[in-house]
Amino acid sequence: MENPASGPGAWSSSSRKRRERDEQEETPPDTDATGHSLSLEENFTFSDTLVALRIMRAQFPRIDKVSVRPFILRSQLYSSVDDRTQVDRELESLRREKVLRIFKLNTGQDDHAIMFVDDYLNQIERISKRMEGKKQYDVAVLEWFKIHVISSKLDPSIGHEELCTLLSMGGKVKDDHITLLINAGLLTRQLIDPTMYWFTIPNIGSVLKGLSQGRKELLSFLNRRKYKEMMLAPLERKCLRLSPMDMRFHLRDLIGSGHLKTAKTPSGLLVRVVKE
Amino acid sequence: MWKGIGKRESGELRPSLFCSRIRSSRAASLQLSNHKEIVSAHRGSVNSLQVDLTEGRYLLSGGADASVAVYDIQNSTHCEEGGRVAKHKSIFVIDKQHEHGHKYAISSTIWYPIDTGLFVTGSYDHYINVWDTNTTQVVMNFKTPGKVYRIAMSSLATSHMLIAAGTEDVQVRLCDIASGAFAHTLSGHRDGVMSVEWSTSSEWVLLTGGSDGAIRFWDIRRAGCFSVLDQSNSQLGRRPPFLENSALNKASTSKASAAGQSSSVKARALQRRAANGNGSKQSTIGRVRNQVKGSMKHRLHPGLLSSQDRATAHYGAVIGLKMTGDGMYLLSAGSDSRLRLWDIESGCNTLVNFETVRLQTSKPLQLSLTQDSALVFVPCMATAKAFDVWSGKTRLTLRGHYENVNCCWFNAQDQELFTGGNDRQILVWSPPNLITDDVDALSRKGQAALDEDNWSD
């Protein structure tokens, strides 16, 4: 991916204030607290995976109805850092150091979500607080899960026996406990193999639906245009109807997964649909 | 280039280095050949290509219309366009009309590795035929219980003549040409086997990739597979680092031994499961195994322990395998549109990311490597892409086919790439011709007559 030319960020947009932005056309260039421009065109590529992760986490849109901690998709990283092998290797070493966790999503073939471990533990806290009101003994399982399973099992999936072994370090495990974990949204069964589970991010269902619908909407929008392309700057200002996430999130994701490609033109970056 | 020749003359550059530099620069500049063309004799998609390993002269291709054709790629049959394009027509074609020919699509064709007197074809009509090239007659055939996806023979083999066949059945069969029967079957996969490949470093080691996403290594002298590649076992770099090696190994061996011990105590007889065989029943098998786990303590042959290992190398089916010439690395293509590079000795994923967007999922692919294993040629939908093996970057995108490309073969002798696709064509990609060569003997004679000293009258 090319490094964008650093020009005046006159028409850049921010993730947080999108809705107010749309009403007023001539807005001053949008910057965050430190005065740096937040447009996609200017901040397209990063040098390091961790830097990219932190910045994208900060730019994660805040969704009102659902409380989800920020996560980053793997394809977004691929579009933001030049060398994909370097991204893979750095993710692997960060995962081993327990800085972040990787989850496999069920939207599409090779989708993975990356979340910092603190955010994930935070999310589990919220879930356990919510479920505390319902039944008495169950919250203990979530504690065992947090303490024993997550700290030792770093892979995105886990087998049934191993799960039971790790949970039983906290107390006696029954099938109901596993049902509770699945209901809380922390585990889900694998379709191919009934004895394996995927780790999942709880409360993420509507966000994933928005993700796949937003992808389709953006691709169909570009496909309907005459030459199946559009300049990045005006494209970024558009709002997606079906997705709670902002355009920048979807653009990074689709460019990284290869459905869109960018081309450098004298007046900025151009986004084109890839036809193969 | 001239500087290189001068250096070689003076001894500054070693001859082998000079050769390899020229080869790699030629391989890096492939384009659709404008001086060589193969007239495809197939009326269906081309599924398999192979140039013979002994001389590098004959190209064998198998098509979806049950046709097999052999072309001579060094001598052309006729010229066109003023002697500038050499056309190669097939030396012979075998099609459905042949009395012992295949009835359905041919998925895989290979030459007998020792000489070009025999070739073997595997087809969706469940048969593997061994043909005599000179008489084009079927010498031997083997019936398998499912569609044959891929066959392979070891080019290193000196003591066996086994054809490994991957079919839609879960068992990999080894067919023996010397005796005409099946030597033995390898069980362990949980779904059909789409790719088989013999090791380039040992004549006894076979690699198979299945539709369940697992890649297994088999030593055919023992029972069971000795290694299953797991995509979560990864190392950061080409070879595992020395210091961390012990830590990594400890982690992976402790995982493997824990799994092994638990499965040996709680496993049931494998023979029964192998008899069941079919992948569609695996959900019930999984359920039964869970309940039976605690009660049955059958003694399992230690070689068969690894069939309990359910590690996957890809999230989808493994559709192509290629081992590097030195036997140290393995490239695998999966239907999850990923290409992975594995370090064979440590069994780890080296995490090199190849920028593949989509790979076709229903048919097995044939990958190809250059001789020094620097470039890998992968058919990606309607193009063939050349990736740098160690960094994963796309070096070349070869667009020429009208439809999906199925197979490719790199001829290391001339640095030419042959690709076959669903559009029934076999395209030749070669480095650009800097000097216009004489294409045929006829035109050569004509030009030679002009060059000749014609002062003697």
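I began with the area buried between chain A and chain B, which is about 2,300 Å², with carbon and sulfur atoms giving 45% of it. I note that this is a predicted model.

Next I looked up who takes part in the contact: chain A gives 27 residues and chain B gives 29 residues.

I then checked charges across the interface. The count between chain A and chain B is 2 salt bridges. One of them that I looked up joins K393(B) to D83(A), with the closest N and O atoms 3.7 Å apart. For polar contacts, I found 8 residue pairs across the interface of chain A and chain B, both partners being at pLDDT 80 or more.

I turned to the side of chain A that touches chain B. Helix 3 (74–80) and helix 4 (84–96) of chain A each supply at least two residues there. Helix 4 of chain A gives the largest share, 8 residues. By class, I get 5 nonpolar, 7 polar and 15 charged residues on this side of chain A.

Separate entry: helix 9 of chain A. I read it as residues 205–224, 20 residues in all, with 29 Å from the first C-alpha to the last, close to the 28 Å expected at 1.5 Å a residue. Which residues of this helix are buried? I list V207(A), L208(A), G210(A), L211(A), G214(A), R215(A), E217(A), L218(A) and L222(A). An α-helix has 3.6 residues a turn, so residues three or four places apart point the same way.

Last, I looked up what the buried residues of helix 9 of chain A pack against. The partners in chain A include strand 1 (72–73), helix 10 (232–237), helix 11 (247–256) and strand 8 (260–265). Strand 7 (229–231) and strand 9 (268–273) of chain A are also among them.

Conventions
Residues are numbered from 1 along each chain as its sequence is written. Chains are lettered from A and ligands numbered from 1 in the order in which they are written. This is a predicted model: local features need pLDDT of at least 70, side-chain atom pairs count only at pLDDT 80 or more; totals for chains, interfaces and linings use all residues. Side-chain values use heavy atoms; hydrogens and water are left out. Contact means heavy atoms within 4.5 Å. Buried area is the accessible area (1.4 Å probe) that two parts lose on being put together, summed over both. A salt bridge is a side-chain nitrogen of Lys or Arg within 4 Å of a carboxyl oxygen of Asp or Glu. A polar contact is a pair of N or O atoms within 3.5 Å; within protein, one must be able to donate a hydrogen and the other to accept it, and residues adjacent in sequence count only if both atoms are side-chain atoms. Helices (H or I, at least four residues) and strands (E, at least two) are DSSP runs, numbered from the N terminus. Ala, Val, Leu, Ile, Met, Phe, Trp, Tyr, Cys and Pro count as nonpolar, Asp, Glu, Lys and Arg as charged, and the others, Gly among them, as polar. The expected span of a helix is 1.5 Å times one less than its number of residues. Buried means under 20% relative accessible area, exposed over 50%, partly exposed in between (1.4 Å probe, protein chains only).
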